[in-house]
Amino acid sequence: MSKYFFDGEGVQRDELLGGTGIAQTIWNINVGASAAIERGMLLGASSPTGEFSIVTGAADANKVLVIAAEDYIGGASGGVTQAYASGTFNAERIKHGGGSSLTIEPFINEMRKQNLHVTHLQESF
């Protein structure tokens, strides 16, 4: 379980990772034209090789889901970034683009089916 992660500038404090029971798998994913993607953002695509975008509504729960492993500067053209395809993550640190009315709850069952497990901060310590 890690409260820290490494980036290009060194070690940063982070509570996204929620435990060690499930192996973390990182995929290189395609992203379409998008706004900036932050580490911990929930992303979805129609297939593992499709273009991933930020989850914005409960209907996105039916997509292939991943969690951004690093920040990605969005733009008018697509690119490639890295995302967690499996592991355990703290629900309080998973982000989405659906505003305050959307919670992580509609996604938990689909995430679990895809080997993305959710825990909570108080359970991690």
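Biologist: Is Asn 115 buried, exposed or partly exposed?
Modeller: Buried means under 20% relative accessible area, exposed over 50%, and partly exposed in between (1.4 Å probe, protein chains only). Asn 115 counts as partly exposed because its relative accessibility is 34%. Before we continue, note that this is a predicted model, in which local features need pLDDT of at least 70 and side-chain atom pairs count only at pLDDT 80 or more, whereas totals for chains, interfaces and linings use all residues. Residues are numbered from 1 along each chain as its sequence is written, and side-chain values use heavy atoms, with hydrogens and water left out.

Biologist: Where is Asn 115 placed, and what is its phi?
Modeller: Most residues other than glycine have a negative phi. Asn 115, a residue other than glycine, has a positive phi near 75°. Asn 115 sits in the loop between α1 and β8 (116-119). Such labels refer to DSSP runs numbered from the N terminus, helices being H or I of at least four residues and strands E of at least two.

Biologist: How many helices and strands are in the protein chain, and in what order do the elements run?
Modeller: The chain contains two helices and eight strands. Read from the N terminus, the order is β-β-β-β-β-β-β-α-β-α. Of its 125 residues, 43% count as buried.

Biologist: Which residues have the most contacts inside the largest nonpolar core?
Modeller: A nonpolar core is a set of buried Ala, Val, Leu, Ile, Met, Phe, Trp, Tyr and Cys residues joined through side-chain atoms within 4.5 Å. The largest core here has 18 residues, and Leu 42, Ile 67, Phe 89, Ile 94, Ile 104, Phe 107 and Met 111 have the most contacts inside it. Two or more residues of this core come from each of β6 (64-68), β7 (79-90) and α1 (108-113). A second, separate core of 14 residues includes Ile 29, Ile 37, Tyr 72 and Ala 85.

Biologist: Why is β6 described as largely enclosed by the rest of the structure?
Modeller: Five of the five residues of β6 are buried, so the strand is largely enclosed. Val 64, Val 66 and Ala 68 point one way from β6, while Leu 65 and Ile 67 point the other way.

Biologist: Which strands pair with β6?
Modeller: Two strands pair if DSSP finds at least two bridges between them. β4 (residues 42-45) and β6 pair in the antiparallel sense over four bridges, with Ala 45 opposite Val 64. β6 and β7 also pair in the antiparallel sense, over two bridges; there, Ile 67 stands opposite Tyr 84.

Biologist: Which residues form an aromatic pair?
Modeller: Rings of Phe, Tyr and Trp (its six-membered ring) pair if their centres lie within 6.5 Å; planes under 30 degrees apart count as stacked, over 60 as edge-to-face and the rest as tilted. The structure holds one such pair. Tyr 84 and Phe 89 form it, tilted, at 5.2 Å centre to centre with 55° between the planes. Tyr 84 is buried, with a relative accessible area of 6%, and Phe 89 counts as buried at 0%.

Biologist: What polar contact does the side chain of Glu 15 make?
Modeller: A polar contact is a pair of N or O atoms within 3.5 Å; within protein, one must be able to donate a hydrogen and the other to accept it, and residues adjacent in sequence count only if both atoms are side-chain atoms. The side chain of Glu 15 makes one with the side chain of Arg 93 at 2.7 Å. Glu 15 lies in the loop between β2 (10-13) and β3 (25-31) and is buried, with a relative accessible area of 15%.
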